[in-house]
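Please look at the sequence and structure shown here before reading on.

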Amino acid sequence: MGSGDDNLARKTDLPDFVKRVRAQTPARLLAGRSGAAYRTNTQLELREAHAAARDAVRAELSLVADPGAEFVQKWNLFEVCSLATSKDEYLLRPDLGRHLNETSRTEVSRRCTVGHDLQVVIGDGLSVTAVARQVPPLLPLLYEGAMARNWSVGAIFVIRHCRVGILNEIGELLTPRVAVLLIGERPGLATAESLSAYMAHRPKALDTDADRNLVSNIHARGLNTEQAAQRVLNLAASMMKAATSGCRLREGLSALDAQ
């Protein structure tokens with residue numbers, strides 16, 4: 001590369017202050033351009049992120065691979081399924097992902113006891129990648145925190161082809177004081193590894209999103225697992241104390257302390 005090429009590279013490089021701004025967010029701000037188009041690197045990054053998002057949505061959950069056989073054995077996880085019989089049906093029919101099939105209802109009733117303080121459920125949702133990356137470090141923190149508060153914790157299980165509304169059915173079947181659903185978020189172009197924790201106090205059949213609370217953006221560049229565990233546990237404690245959840249319960253400053 002000649003001196004003319006070096007000068008061109010320096011001129012087209014981003015200024016330091018722009019780099020500092022961009023470092024504060026995963027959003028593609030001030031990305032620069034080449035003529036009227038994105039730079040080649042930006043184009044390639046977008047294509048890579050889009051491919052990762054598609055893979056996260058289309059992947060099928062495998063407990064042996066995601067999160068792994070050792071983890072499954074340690075937590076004695078078992079798998080059940082919603083009414084959606086395939087990934088395509090799950091994506092086309094969100095309503096089917098809100099209910100367990102009959103075999104799964106029987107299995108949950110057989111293997112789980114009812115009336116616990118905390119019931120944690122894992123759902124694949126729209127990102128199996130998020131479940132595989134975030135659940136293994138998050139679940140032990142939630143369990144240890146619950147034990148430190150002397151809460152009883154129900155048997156933890158995994159739901160394939162799961163939507164958030166299945167919390168209502170978990171509430172009806174197992175009657176926990178607080179139910180927590182760890183579920184893969186819809187991937188974006190910033191990350192395909194983001195997990196959400198949907199929570200409800202004594203969820204029941206006719207509950208809506210207004211009856212639930214949410215701790216979202218659990219991933220390496222968002223809310224880390226230690227912060228997420230603290231917020232979930234503090235919110236659960238608030239739910240138990242106030243005997244309510246959702247829009248009737250605001251997340252207090254204490255729940256945000258870990259941030």
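**Cysteines**

The sulfur of C81 is too far from any other cysteine sulfur for a bond, because the closest one, in C162, is 9.6 Å away. A disulfide is a pair of cysteine sulfur atoms within 2.5 Å, and by this rule the count is zero. The model is predicted: local features need pLDDT of at least 70, side-chain atom pairs count only at pLDDT 80 or more, and totals for chains, interfaces and linings use all residues. Residues are numbered from 1 along each chain as its sequence is written, and side-chain values use heavy atoms, with hydrogens and water left out.

- C81 is buried, with a relative accessible area of 15% (buried means under 20% relative accessible area, exposed over 50%, partly exposed in between, with a 1.4 Å probe and protein chains only).
- C112 is also buried, at a relative accessible area of 7%.

**Aromatic pairs**

- Searching the whole structure gives three aromatic pairs. Rings of Phe, Tyr and Trp (its six-membered ring) pair if their centres lie within 6.5 Å; planes under 30 degrees apart count as stacked, over 60 as edge-to-face and the rest as tilted.
- One of them joins W75 and Y143 in an edge-to-face arrangement, with 5.3 Å centre to centre and 75 degrees between the planes.
- W75 belongs to helix α4 (residues 64-75) and Y143 to helix α7 (residues 128-148), so this pair ties together parts that are 68 residues apart in sequence. Helices (H or I, at least four residues) and strands (E, at least two) are DSSP runs, numbered from the N terminus.
- W75 is buried, with a relative accessible area of 15%, whereas Y143 is partly exposed at 34%.
- F78 and F157 form a stacked pair, 5.2 Å centre to centre with 25 degrees between the planes.
- F71, W75 and Y143 make up one aromatic cluster.

**Charges over rings**

- R149 has its charged end over the ring of W151, at 5.7 Å from the ring centre. The rule requires NZ of Lys or CZ of Arg to be within 6 Å of the ring centre and within 35 degrees of the ring normal.
- R163 lies over the face of Y90, 4.4 Å from the ring centre.

**Backbone and loops**

- T175 has a phi near 45 degrees, a positive value in a residue other than glycine.
- The position of T175 is in the loop between α8 (166-174) and β4 (178-184), and T175 is partly exposed, with a relative accessible area of 40%.
- A243, also a residue other than glycine, has a positive phi near 55 degrees and is found in the segment after α9 (225-242).
- L29 is in the loop between α2 (16-22) and α3 (40-58) and counts as partly exposed at 41% relative accessibility.
- The C-alpha atoms of L29 and V18 are 8.9 Å apart, while the two residues are 11 residues apart along the chain.

**Confidence**

- The protein chain has an average pLDDT of 86, and 87% of the residues score at least 70. pLDDT is the predictor's confidence in each residue, from 0 to 100.
- Residues 1-12 have pLDDT below 50, and this stretch has two contacts in the model beyond near neighbours in sequence (contact means heavy atoms within 4.5 Å).
- Where pLDDT is low, the predicted coordinates should not be read in detail.
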